[in-house]
Structure formats: structure tokens, C-alpha cells
Number of protein chains: 2
Amino acid sequence: MSSLSAQPPLFEKLAIIGCGLIGSSIARAARQFNVTRSISIYDAQPSVMERVQALNLADSKIGGIGHAIEGADLIIICTPVGACGRVAKEIAPFLQKDAIVSDVGSVKAAVVRQVTPHLPTHVHFIPAHPIAGTEFSGPDSGFSTLFQNRWCILTPEQNANASKVQQLALFWEGIGAKVETMSPEHHDKVLALTSHLPHLIAYNIVGTADDFGEQTRSEVIKFSASGFRDFTRIAASDPIMWRDIFLNNRDAVLEMLGRFNEDLSALQRMIRHGDGDSLSAFFSRTRIIRQSIIEQGQDTPSPDFGRQNQKKTN
Amino acid sequence: MSSLSAQPPLFEKLAIIGCGLIGSSIARAARQFNVTRSISIYDAQPSVMERVQALNLADSKIGGIGHAIEGADLIIICTPVGACGRVAKEIAPFLQKDAIVSDVGSVKAAVVRQVTPHLPTHVHFIPAHPIAGTEFSGPDSGFSTLFQNRWCILTPEQNANASKVQQLALFWEGIGAKVETMSPEHHDKVLALTSHLPHLIAYNIVGTADDFGEQTRSEVIKFSASGFRDFTRIAASDPIMWRDIFLNNRDAVLEMLGRFNEDLSALQRMIRHGDGDSLSAFFSRTRIIRQSIIEQGQDTPSPDFGRQNQKKTN
């Protein structure tokens, strides 16, 4: 795919390993925003590769993993976190000198531990995590604007090659993201709070409802607009991806869960003792965070996430 | 406001006491769908009454609570649950014979206990709860289609006048809702699970984040698209309304919270012991409920609640 714009693409060949929601969105975005001259894709599942071909997501012909990696100057591992080490080992023999190897995993310290030992010293491993996604999975669910106005966190080693880090940052900015850099450990702590704990809680409350008998379960579904349904969206995310996140960010998740449990015990006590003043003070405090999220463009202020079936008519 | 349709309106005069999101939405809907000949509104807050006048939500001139109730054959109390008893006492002297008194409270047994003793025996108290709302409050946030395709639960006494119950059901159906009938106690148990517990959990996790220092808090907001922001919407709901719900549905909420805590301990244990099989099995199970909610039209299947800033372009 040749470039028609004034600037040449940032990369000659982008290789995407693992083509789910994120991998396929990167492929679509990279093509649309012209940040690479060509794209190759490999996925271990034949059914996924069939969709890649049908959707015409890659430029090069479909082949083995070595074929996908060959000549690539940017390789992004887009598998669940638990598979990153194995993928690194598989791609290592085919990596060309000075290539950038990156990933999109939701945990970073564990990925660094698993990937680094397998890579040759002549490549640059720069972990990344785009904070973007939907509750859907698989190559068909991706779209080119997924990363627009979303953050992508890079967690390079302290002695990483600065120009390579810059090149990867430009790639993410080129497909619409805003880039921030931090240590893998700090990333894992922040994401444990903003992402991993909320998902765990959402999975848990949906599970609690599911444990009831058939009648209650059907009533829960019927009356879910009263709050419950907001939790079901993120509890519908990919189970394997989330298993791997909890297994690989265990300590930070358990710490956040400990804090959450302490706070919940305090709320429980207010309810049991009928402490209305403390309850309303608590519920007032939490409104401010919502306002900040909307002001910073990280969510929409349209009521009910704008999901009313009907338009507001007066 | 005279009717132009073939059928006469169900009611002569609807009086709405308390004009927030729900009260003002009922007023708008009742006018649009022509289910009452006229509408009066009373709210104890002068600032709210100013908005009622500016928005032209009522037909009759603004006056005291007696003026609003006088001649009304349907009175709907739309205040927070904790104020229902006081309102019932205030309106009692003005209620005409055979009027229907109803409410919109999110708990029912406590409302019945608080309201019934104050009402004269010549009126019909039929509690109701429309399962609809947004995270916004106040008369300006209402809209006429809020109840479309949403459930409204009626909890009449066993010896309630059947034709009055039917008339109130037709009112709610007339403004777009689907009506279901159950006992106050069953309502409170089901809603503790579908609504009160999710709100409590959402308030709690937002509070946990708020307890961190300024730097972490700003990172939580920045990276909230990773899951956290879904919780902030319902944690931005009206604090007084929610205080009253927890104070008035204490036992059912504490029971559901107990179950939630047990389940969370089990998940915590799976994470601590690295039990990946149990985690992925658990996360797979919860997807099914999401699917049912979408199939029954209680939520939208558009990715991410359809809140991408950008359109899907390929």
C-alpha cells in the first residue's frame, strides 16, 4: 500500500500477532491513517485467519508466523497477556535487527518478565497498553477509530532507546491516541484500580445474580435498567483475557480489593445503623469524580450513556 | 388542555408532588400522551417551582400544596422515599373521595408503612415504581419518553379496588411503560439485587478511588475508560434519593450485600491461589446474562453503549 501523503509512513512493515478486537483495530487504523507501508497478521486460530482474509485486514499473503514477522520493523503482540511469553519465543528467530517489539497487554510488569528473556538483544522491546476497547471480541469487532482520544501508556525500560520510544509514540498518536509514559509497576497499580477492580466487581455482581433461581434471574434481567445492566457490559468482556489479567496482576488487584472491602464494610455499617448523614455525604462526594471524567472527554454526558431507544422530544 | 383524540383522558386532574427527574418526566409524558385533562405540580423548593413555571410543565396556576391537590383524581408523590410519609400527612385534608394516591419510590414496603396511616379511607393508595431514570436530577432533566419500553411495578394491597388498579395501570401504559404487579416485599427484594446493590457497589468503588491522593485520583480520571467510568454514571445519582433508599430497604440490601461479599471472597481466593480455570469459567458464565438483557430490549448492544465519539468507519 503506497502512501499518497507528503510524509512517508513511520514503519515499513507492521506485524500484528493475535487478531482480536485490539489487533484488528490496530490493523484498520494503521491502514487508514497511513502509519505503515504494509501490514501482516498472524493468529494461531485458523478461524480467525479466515476472517482476517475475508475482511482484507492484511496486505501480505497469509502464511506462518515467520512469514508475518519477516522484514517487519514493528511487531505488536495482541494476544491475551498469558500468551505473550510463548509468542515472544516463537517470533524471536525471525526478528530483524533494530525492530521494535511491542504489545497491548493490560498488565505490564508480568509481560516484561515473560517476554524479555526470549528476545534477542538486537531488538527494542517497548511495552504498550492502549486504554481502549469494547465488550466485544474477535477480528470482526474491531474498527479504525477505536483509539481516537484514548490514552496509550508506554512502559519502556529506563535505558530504552529514546528514538525508538519516540517512533512508537508517533505510531500511536498517528492512529489517534494520546501517549503517556510510566513504569510497568506504576501502570499495574493504576490499572488495578481503574480497570481490574471494576471488572472484578462487575463480574462478581453478575455472578451473584446468576446464582439465584430461574425466577429471580428472569426478574433481574427484566428490571436490569435500574442499575444492574451497567455492570453487565464490562462483565461481558473476553473471559480468557480477564483470567490472564488477574493471574498476572495479582498483588496490585488484591491490594485494591482490600481497600474496596474496607470501604464497603464502612458503608454496610452506615446502612445497618441508619446513619443517613454519613450516607448522603458519601454519595455527594462521588459525583465530583463523574464530572471530572466528563470534563476530560473520557465519557459522554448524554443521560444514560445516550442509550434511550427514543429521542428526547420535549 | 382539552383532548383532541377520540378517547377522553383517563384522569381529570393529575397532581404531581415533587418535581425532579421523575415528576417532571411524568408531567411531560402525561401531557404528550393525553392521559389527563390537566396537570398541577407542587414542590416544596421555590427554585424548583420557578423552573416548573419557566418550563410550562403544569396547566393550573402555581399555588400551595392544597391548591395542587384540590379536585385531583390522581395524585403521584414523586419526592425522595424518606419524604413520602410527611407528604401524605400534608395532602390528606385535601384529597377528594375515590382519588388514587400513588408514588414512584424505589422501595415499597417502607413507603406503604409510612404513607398508609395518614391517608383517609375514602382514597385508594396504590404504590408504584417506574424502573426508569438517568443519572441527572431536577425538573430540567426530565423528558416525555423516559418511560418508553420500561417497566413500572405496581404493589397494590391484596384487597385493593381492582378497577382503580387497572386505571393506574392504563395511565402508565398510556405514557409508554409496561406494567407488572407484585407484593411490596417481593419488589424490595428484587430491586435490592438489580438496583440498590449495584448502586452501593458503584458508590463504593468511586469512593475507594477518591480516597487516594491527588495524583492517583487524576490518573484514575484520565484512564477511566478502562472500566471505572461505567461505575461513575450511576454513582452520580441523587444523594438524598439514595440515602433514603438504603435507610428504607435496609434488610434486603444487607442480605444481598452478604451474598455479594461471599462471592467476592471466593473470587479473591481464586486470584490469590492462581486458579485460572475457575476464573475463566466464572467470567464465561456472566456473558449469558448480558445477552438476555439485550435480547429483552433492556439495553443497547451497540459497543461501549454507543458512546464512541467517532463513528465506526470501517
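Visitor: What makes the pairing of A:Arg233 and A:Glu135 a salt bridge?

Guide: The term asks for a side-chain nitrogen of Lys or Arg within 4 Å of a carboxyl oxygen of Asp or Glu. The model is predicted: local features need pLDDT of at least 70, side-chain atom pairs count only at pLDDT 80 or more, and totals for chains, interfaces and linings use all residues. Residues are numbered from 1 along each chain as its sequence is written, chains are lettered from A and ligands numbered from 1 in the order in which they are written, and side-chain values use heavy atoms, with hydrogens and water left out.

Visitor: How many salt bridges does the rule find across the interface of domain 1 and domain 2 of chain A?

Guide: The rule finds one across that interface. Domain 1 of chain A covers 11–182 and domain 2 covers 187–299, with bounds from an automatic or database domain assignment.

Visitor: How do you know that the two domains touch, and how many residues are in contact?

Guide: Contact means heavy atoms within 4.5 Å. By that rule 22 residues of domain 1 of chain A are in contact with 16 residues of domain 2 of chain A. The C-alpha centres of the two domains of chain A lie 30 Å apart.

Visitor: What area is buried between the domains of chain A, and what makes it "buried"?

Guide: Buried area is the accessible area (1.4 Å probe) that two parts lose on being put together, summed over both. Between domain 1 and domain 2 of chain A this comes to about 1,400 Å², and carbon and sulfur atoms give 54% of it. On the domain 1 side, A:Ser106, A:Val107 and A:Glu135 lose the most area to domain 2 of chain A, together 34% of what that side buries.

Visitor: How do you know which surface each copy uses?

Guide: Because 100% of the interface residues of chain A are also interface residues in chain B, the copies meet through the same surface. The contact takes 120 residues from chain A and 120 from chain B. The area buried between chain A and chain B is about 11,300 Å², with 64% from carbon and sulfur atoms. A:Phe223, A:Ile271 and A:Phe283 supply 6% of the area that chain A buries there, more than any other three residues.

Visitor: Why is the pair A:Asp211 and B:Arg285 said to join two chains?

Guide: A:Asp211 lies in the loop between helix 7 and helix 8 of chain A, whereas B:Arg285 lies in helix 12 (residues 276–295) of chain B, so the pair joins two chains. Helices here are DSSP runs (H or I, at least four residues), numbered from the N terminus.
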